[in-house]
Amino acid sequence: MNIILLLIRRNVTLVIFLALQALSLTMLFRFNRYHKSIVSALYNEMAGSVNLRYDGILRYFSLRAQNEELLRQNTRLLNELRSNFDRPDTARLTAPLGKEPDRRFLFLPAKVISNQVSARKNYILLHRGAAQGVAVNMAVVSPAGVVGTVVQTSPNMCLAMSLLHAQSKVVAVLKKGSGFGEVFWDGLDPRFLTLAKLPQTVRVSRGDTVVTSSYSDKYPPGYIIGVVDKVMNDQGTNTYNLRVQSAVEFQSLQHAFVVANLQAIEMDSLTRKLQDPND
Amino acid sequence: MTEIMRSVWRALAFLAVQVLLLDSIPPLHRFLTPSIYLLFLLWLPLRVGQLQLLFLSFVYGSVMDMFSHTPGLHASACIWVAFARPGLIQLLMPRQEEDAIRVEPSLLSMGLVPYATYLLLLTLLHHGWVVFLEWLDLGDLVYFFIKVLATTLLSLLMMAVTELAFRRDPADDRR
């Protein structure tokens with residue numbers, strides 16, 4: 001204590017100088033609007049950046065809950081899509097989800113259990129099965145784009161053939177216009193798909209969006225598949241061969257939707273009648 | 001005329017010139033306003049003690065701030081000057097003669113070069129601090145230095161004119 005007092009006494013000029021300086025700076029920053037605003041802006045900036053970082057960390061903790069919430073929301077919104085309905089007329093009453101008379105597509109959320117991209121024939125295991133309304137040949141999509149097709153079901157799980165499969169084939173169109181082709185995988189790079197059989201009468205350029213066609217009986221029409229990355233002419237057949245960058249990142253797939261076509265049975269029976277006139 | 005009365009008159013005169021004349025004319029090249037009021041602190045007698053000097057400059061700067069509506073700005077700069085003044089005088093005027101204690105810093109008591117250095121350094125300190133506090137942002141450093149240097153030069157010119165107009169003879173004090 002004595003030492004402190006001694007120090008103060010020895011440096012009394014410095015202490016008084018600092019005190020007066022503090023006093024005048026306080027006046028400066030308190031009574032001048034410009035200086036006050038600068039200081040408060042600085043404080044806000046500092047506090048803001050700290051809060052921002054803290055908030056960024058806190059967000060990680062609620063990530064799972066938020067993901068689930070988003071998934072619920074996505075399911076609801078996807079089921080609201082107009083393209084899910086085939087409406088002969090509008091004079092119908094609304095019914096509970098999945099029971100609407102003119103609903104064509106129903107999105108069922110499913111968690112991805114396992115997933116592969118490295119093989120020639122890749123499969124995805126989803127946590128939703130026959131007991132929850134999944135049947136073979138239903139489409140699988142993710143919020144980002146088309147994923148594949150269900151090939152096997154068990155009561156609580158289903159196995160889907162990924163787009164990255166030698167036998168997968170999706171009817172696709174360019175979002176901007178006419179002409180349809182087939183999307184398949186050449187088995188090389190999991191990021192890229194091939195769109196073939198697109199007639200060369202269609203104008204294609206890099207960056208065009210490739211979506212599912214309304215001719216497909218599995219996929220909801222207009223669902224994104226990917227973006228044209230490279231245009232190659234197929235000399236022999238007068239069609240395009242397009243390299244398409246997949247909209248889905250197959251390596252990091254976590255949530256998917258199984259899409260049920262509620263009118264598939266009706267369509268099938270109609271087609272079968274046509275093929276087998278004796279029936 | 002006693003020393004105190006003379007100082008009071010000087011303070012009033014400097015403040016009047018500064019506020020009524022220099023601060024009310026449009027800034028030269030739109031951004032240079034010379035200050036002369038600082039000269040009061042530079043002219044204070046040597047025997048004024050360090051603490052007295054600090055308090056005096058705080059009060060003086062605050063009065064200046066009252067007229068320029070910038071509370072704290074000139075006070076802060078004046079305290080800097082008061083803090084730096086005794087050391088600088090020690091440095092520039094090492095021989096403290098017996099009667100020199102009574103004298104004020106001036107052309108005659110210090111000699112041309114030390115006195116000019118004294119004025120230059122303290123004015124530079126004052127103006128640099130004032131401009132820094134006014135902007136609170138060094139911004140374009142070149143622009144900052146140009147403003148400080150140009151204002152200092154302008155102020156020094158005003159001070160030189162004042163020195164020539166009002167010659168202070170240390171002999172007056174001895175009488």
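Residues are numbered from 1 along each chain as its sequence is written, while chains are lettered from A and ligands numbered from 1 in the order in which they are written. Because the model is predicted, local features need pLDDT of at least 70 and side-chain atom pairs count only at pLDDT 80 or more, whereas totals for chains, interfaces and linings use all residues; side-chain values use heavy atoms, with hydrogens and water left out.

**Stop 1: domains of chain A**

Colour residues 2-59 of chain A as domain 1 and residues 170-248 as domain 2. These bounds come from an automatic or database domain assignment. The C-alpha centres of the two domains are 63 Å apart.

**Stop 2: a nonpolar patch**

Select M1(A), I4(A), L5(A), I8(A) and V15(A), which make a nonpolar surface patch of about 500 Å². A patch is built from residues with over 30% relative accessible area and no salt bridge, with nonpolar side chains (Val, Leu, Ile, Met, Phe, Trp, Tyr) joined within 5 Å and like charges within 9 Å. Areas follow the Shrake-Rupley method with a 1.4 Å probe, and for residues only the protein chains shown count as cover.

Helix α1 of chain A, residues 2-10, gives the most to this patch, with three residues. Helices (H or I, at least four residues) and strands (E, at least two) are DSSP runs, numbered from the N terminus. V15(A) belongs to helix α2 of chain A, residues 12-31. With a relative accessible area of 37%, V15(A) is partly exposed. Here buried means under 20% relative accessible area, exposed over 50%, and partly exposed in between (1.4 Å probe, protein chains only).

**Stop 3**

Over all chains, a search of the whole structure finds ten salt bridges. Each is a side-chain nitrogen of Lys or Arg within 4 Å of a carboxyl oxygen of Asp or Glu.

D55(A) is partly exposed at 33% relative accessibility, and R59(A) is partly exposed at 48%.

Next, pick E182(A) and K169(A), a salt bridge with its closest N and O atoms 4.0 Å apart. This pair links distant parts of the chain, 13 residues apart: E182(A) is in strand β7 (residues 180-184), and K169(A) is in the loop between β5 (158-165) and β6 (170-174). E182(A) is partly exposed, at 22% relative accessibility.

**Stop 4: chain B as a whole**

Switch to chain B, which has eight helices and zero strands. Of its 175 residues, 45% count as buried. Among contacts (heavy atoms within 4.5 Å) between residues at least 6 apart in sequence, 72% join residues at least 24 apart.

**Stop 5: R10(B)**

Centre on R10(B), which forms a salt bridge with E104(B), the closest N and O atoms being 3.1 Å apart. The two sit 94 residues apart: R10(B) in helix α1 (residues 3-22) of chain B, E104(B) in the loop between α4 and α5. R10(B) is buried, with a relative accessible area of 14%, and E104(B) is buried at 5%. Leaving aside neighbours within four places in sequence, R10(B) is in contact with F40(B), W43(B), E104(B) and R168(B).

**Stop 6: helix α6 of chain B**

Select residues 112-135 of chain B, helix α6. This helix has 24 residues and reaches 34 Å from its first C-alpha to its last, close to the 34 Å expected at 1.5 Å a residue; the expected span is 1.5 Å times one less than the number of residues.

Its buried residues include Y115(B), Y118(B), L122(B), H126(B) and W129(B). The buried residues of α6(B) pack against α2 and α3 (33-61) of chain A, together with α2 (39-43), α4 (73-92), α5 (107-110) and α7 (141-165) of chain B.

Within α6, zoom in on T123(B), buried at 0% relative accessibility. Not counting residues up to four places away in sequence, T123(B) touches L38(B), L42(B), T152(B), S155(B), L156(B) and M159(B).

End at L136(B), which follows α6(B) and has a positive phi, near 50°.
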